[in-house]
Amino acid sequence: MSSDHHQHLLNPEPETAYDPTEKVHIIGVRETEDDYTTAPPFSWRKLWLFTGPGFLMSIAFLDPGNLEGDLQAGAIAGYSLLWLLLWATAIGLLVQLLSARLGVATGRHLAELCREEYPNWAGKLLWIMAELALIGADIQEVIGSAIALKILTNGFLPLYAGVLITAFDCFIFLFLENYGVRKLEALFAFLIAVMAISFAWMFGETKPNAKELLVGLVVPKLNSRTIQQAVGVVGCIIMPHNVFLHSALVQSREVDPTKVGRVREALRYYSIESTIALAISFVINLFVTTVFAKAFFGTAIADTIGLGNAGQFLEDRFGGGLVPILYIWAVGLLAAGQSSTITGTYAGQFIMGGFLDLRLKKWARALITRSCAIVPTLIVALIFDSSEDTLDVLNEWLNVLQSIQIPFALIPLLCLVAKEDLMGVFAIGPLLKTISWLVAALVIAINGYLLQQFFAEEVTGVTFTSIVVVFTVAYVAFVVYLIWRSVTVSTFGFFKLRSQST
């Protein structure tokens, strides 16, 4: 390969989330002042300029995997798990705000910091885990888009064709970033609006019970029949790749991490816009859950509903409207799949670039990360195109794949955001640290329960069981190592010097 061709692929600048020329300029910055410790007064105009990263982050709460969890929770548990959806979204908001805090206060994102913080072997293992989680999520997202395209074309487009179209138009949308990050954020705002309108239309068509909805939001209910759906609601809220993504997205604005006041200001605006974004995502998830609660709770087919057949079941039950509800569902699903696929590719660029310090052009990184996910997705589409039941089983395995990756994003985040030598005055205090670790323990325990239930049902045979046991021991050992190291670092602070010498 010629040296000229190498130059086209390589980026001579050090690896960063955004080049200085790509960042959004924030008005009212006192450039001549070396530092100030208090944030300037609130400004609606500045809030508008900071708005964007939170909405890109919120896409992971609306991806096809979440929508499937919503519809199954509604069909099987009715309105009884709405309170859990609310609290799970609040937990997700806490984790994402910690991710944003890390990115703004340090000027670097989580993948970069993991590369610097951990020994080489641990950093590489964390990268592999992040990539596996991303591929698992991407398969679900691309398949979701492909299912929507199949519905909208009345079955003319097979799944594999939908996968190829989704892969191709993802590059077209990412091309918008060349015209500025605000253009890409506007696209996501449009796709979220499409989801909101589609699922709100379905909500209006089906007319769920308002009293039962309010009771479901306020009164906690849980029983043995709905425990699996409850675990699914919480388990799919925290997406490992999204934790990495948000710490990078917040760097799309000009914020000098050496100026305490500027960091305080950015964190205030990011907290507001992230809360608004996740409130909108919660309402959309609420629409989907209540529509399927109204339509299928207590029916014989409740246990058989998935992404592939949900639209047709709705059409059979509520067809005859001005616009077929089957197509309304498909449009919302397409917007969810397409938007989450683009953010997945976006996250893949940051994860690969940060962990490996790849100084590649963005288009080259996008091509690599897209190929890593599209090849297995194509294989899945070709194998499972004609079998919805098998596709649902695969989806369960993919949920398990992502669930087991959660500690490998959550534990490093909590470790780093508590380090005073890294975060300075923005290191989280004892109270927030305790709450965050309790939340992390809850999420890990819930996903542990999900894994135990899943393996008890699916793992059979001596050979397969032996393989699972070996991997489980290695997995638990690595999680314990990360927790031990987090406690050691935050308690003594000298471990980094030792790790750098290894």
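N154 counts as exposed because its relative accessibility is 61%. Here exposed means over 50% relative accessible area, partly exposed is in between, and buried is under 20%, with a 1.4 Å probe and protein chains only. This is a predicted model, so local features need pLDDT of at least 70 and side-chain atom pairs count only at pLDDT 80 or more, while totals for chains, interfaces and linings use all residues. Residues are numbered from 1 along each chain as its sequence is written, and side-chain values use heavy atoms, with hydrogens and water left out.

Where does N154 sit? Its place is in the loop between α7 and α8. Helices are DSSP runs (H or I, at least four residues), numbered from the N terminus. Phi of N154 is near 55°, a positive value in a residue other than glycine.

K207 is also a residue other than glycine with a positive phi, near 55°. Look for K207 in the loop between α9 (181-206) and α10 (210-218). K207 counts as exposed because its relative accessibility is 60%.

Now go to V425. This residue is in the loop between α19 (420-423) and α20 (430-458). V425 is exposed, at 57% relative accessibility. Along the chain, V425 and V260 are 165 residues apart, and 8.2 Å separates their C-alpha atoms.

Two elements, α8 (159-175) and α16, each give two or more residues to the patch. Which element gives the most? That is α16, with four residues. V375 lies in this helix, α16.

Last, look inside. Rolling a probe the size of a water molecule over the atoms shows where empty space is left. A cavity is a set of points on a 1 Å grid where a 1.4 Å probe fits but cannot get out, and lining residues have an atom within 4 Å of a point. The structure holds four cavities of 30 Å³ or more.

Key. On a 1 Å grid over the protein atoms alone, a cavity is a set of points where a 1.4 Å probe fits but cannot get out, and a pocket is an open set with protein on both sides within 12 Å along at least five of seven lines; lining residues have an atom within 4 Å of a point. Grid points are joined across faces, edges and corners, and a volume is the space filled by probe spheres set on the points.
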